[in-house]
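Please look through the sequence and the model below before reading on. The report that comes after them is written for a student who is new to reading protein structures.

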Amino acid sequence: MSSPLKAIQVEVTNRCNFKCVYCIRNFWKIKEKEMDFVVYKKLSDSFSGLEKVVLYGLGEPLTHTKFLEMVHLTRSKLGDSGQIVFSTNGSLLTEKVAHRLIVEDGVNKIAFSLDTPDHTSLEKLRVGSQEAEIIRNLKNVANLKQKAKLPFSLSIEVVLMKDNYKDLVSLVEFASENQVDEILVTNVVSYSNDFMNRQLFMTYSKQSYELVENIIDQGWQIIYNSVISVYSKSHTGRYDERSLRAFERIQAKAREKGYWLNLPLILDSQDRISEIEKVNDVFKTVTKMARRNNIKLELPKLLGDKKARSCPYIVSHTMVVRADGKVAPCLEFMYPHKEFVNTHLKDVDEVLFGDINEDSVFNIWGNDQYEKFRNLRQFKNDTIPWCGDCPYSTLNCFYVRSNKVDCLSNTNSCSECLYSIGVAKCAI
């Protein structure tokens with residue numbers, strides 16, 4: 001029996017007036033489009049009884065020519081109990097627009113994308129932004145919130161990388177001075193090799209790393225010992241049998257706990273681990289600051305855990321509707337694109353389950369293929385592998401070159417989904 005649909009995320013447009021350096025829009029070949037208002041009106045007939053409607057996708061929602069009308073229609077269909085939320089780069093959210101959205105139509109949450117309060121850094125990362133304009137608009141929303149005393153949440157979203165993680169302290173200070181309620185921090189998802197080198201996380205499980213932490217100083221000698229031992233009868237190479245046996249005991253313990261050891265990736269990531277330790281110190285500082293100032297702070301994982309995976313869209317019973325009306329299970333599978341993950345390049349194909357121009361939202365949600373897709377992604381009993389812990393993924397095995405199929409024969413695989421391990425965060 002199909003689980004109930006509780007929320008719909010609508011990509012009202014995939015156009016944007018910024019050109020952020022890390023954005024997927026720089027690396028795809030997709031025709032820009034905004035959702036036709038007639039299509040949105042049809043979609044809005046399904047909003048009654050939903051808990052939430054999220055009005056953004058891979059573009060800036062306020063660039064849509066009828067965004068204000070969309071919000072007004074959403075509130076009339078959703079009723080007073082449902083939430084309306086959206087993310088924005090903040091450039092077009094003037095005082096007049098904010099008043100209409102928040103006071104007149106009861107938008108419940110607006111999230112400003114603000115990676116750093118430092119204007120020089122911000123303009124390098126979010127090309128096209130003018131910090132003074134964004135800050136002014138954010139302050140206007142904060143003042144409106146205070147005066148109107150409405151059940152409204154002001155949020156900031158941060159894309160984290162080596163460039164800006166030290167700015168988190170000043171960002172939390174800024175948030176506390178401007179009545180910000182929430183800060184959501186996500187690691188950058190890399191669509192180019194450059195940004196893979198600017199990431200602050202590793203995909204192997206923290207538990208795997210902790211098992212081998214005490215023998216890492218042996219470096220590649222561990223792997224050499226393993227290889228030579230296998231071919232010892234036909235090879236004259238000498239190896240340290242004692243250290244090999246110690247490693248075999250660690251491997252046995254990992255299997256017992258349900259983990260694999262991606263030793264090549266672990267050995268190659270020692271510089272990144274040193275950086276991660278510095279980021280953890282910053283995380284501890286900003287966590288205390290946020291708690292002191294009553295700010296809800298959500299931070300990403302810096303190391304994964306294959307046994308703690310969950311799909312944010314399945315957990316929240318949310319579907320995604322693209323600007324053209326086609327239905328995807330999440331933002332990651334909305335459009336075909338390339339992605340750098342686990343040190344290799346991956347082709348990510350779109351995954352679609354229907355089209356609201358041709359069928360109803362609830363028929364699409366309940367169709368057999370979509371329901372099977374959701375049921376499989378409960379991540380129980382290793383139904384979907386986690387490639388971050390597998391040495392073959394680091395060596396670019398066949399199964400990680402696309403999301404078409406994984407080594408357990410699952411199609412449209414989520415075996416390298418950064419969102420499932422909490423390294424990347426969904427703002428839904």
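The structure is a predicted model, in which local features need pLDDT of at least 70 and side-chain atom pairs count only at pLDDT 80 or more, while totals for chains, interfaces and linings use all residues. Residues are numbered from 1 along each chain as its sequence is written, and side-chain values use heavy atoms, with hydrogens and water left out.

## The sheet

Helices (H or I, at least four residues) and strands (E, at least two) are DSSP runs, numbered from the N terminus, and two strands are said to pair if DSSP finds at least two bridges between them. With these terms, 10 strands can be described as an open sheet of mixed pairing, in the order 10-8-7-5-4-3-1-12-13-16. Strand 10 (296-298) and strand 16 (354-355) are at the edges and have a single partner strand each, so one side of each has no neighbour in the sheet. Within this order, strand 5 (residues 109-113) and strand 7 (residues 153-160) run parallel and are joined by 5 bridges, and Lys 109 has Ser 153 in strand 7 as its bridge partner. In general, the strands of a sheet pair through backbone hydrogen bonds, either parallel or antiparallel.

## A hairpin and two positive phi angles

The antiparallel sense is found where strand 14 pairs with strand 15 (residues 344-348) over 5 bridges, and here Phe 340 has Leu 345 in strand 15 as its bridge partner. The two strands form a hairpin with 2 residues between them, and Asn 342 in the turn has a positive phi of about 55 degrees. Thr 343, which lies in the loop between strand 14 and strand 15, also has a positive phi, of about 70 degrees, although it is not a glycine.

To describe how far a residue is covered, buried is used for under 20% relative accessible area, exposed for over 50%, and partly exposed for values in between (1.4 Å probe, protein chains only). Thr 343 counts as partly exposed because its relative accessibility is 44%, whereas strand 14 (residues 337-341) is mostly covered, with 4 of its 5 residues buried.

Elsewhere, Gln 179 has a positive phi of about 55 degrees although it is not a glycine. Gln 179 belongs to the loop between helix 6 (168-177) and strand 8 (182-187), and at 29% relative accessibility it counts as partly exposed.

## Salt bridges

A salt bridge is counted when a side-chain nitrogen of Lys or Arg is within 4 Å of a carboxyl oxygen of Asp or Glu, and a search of the whole structure finds 15 salt bridges. The table gives examples.

| Lys 145 | Asp 181 | 2.8 Å |

What does the salt bridge between Lys 145 and Asp 181 tie together? Lys 145 is in helix 5 (residues 131-148) and Asp 181 is in the loop between helix 6 and strand 8, so the pair ties together parts that are 36 residues apart in sequence. Lys 145 is buried, at a relative accessible area of 15%, while Asp 181 is partly exposed, at 24%.

Arg 322 is buried, with a relative accessible area of 5%, whereas Glu 350 is partly exposed at 36%.

## Charged surface patches

Patches are made of residues with over 30% relative accessible area and no salt bridge, where like charges are joined within 9 Å and nonpolar side chains (Val, Leu, Ile, Met, Phe, Trp, Tyr) within 5 Å. Lys 284, Lys 288, Arg 291 and Arg 292 form a positive surface patch, and Arg 292, in helix 12 (residues 270-292), counts as exposed at 64% relative accessibility.

Technical notes:
Accessible areas come from the Shrake-Rupley method with a 1.4 Å probe; for residues, only the protein chains shown count as cover. Lys and Arg count as positive and Asp and Glu as negative; His and the chain ends are not counted. The place of a charge is taken as NZ of Lys, CZ of Arg, CG of Asp or CD of Glu.
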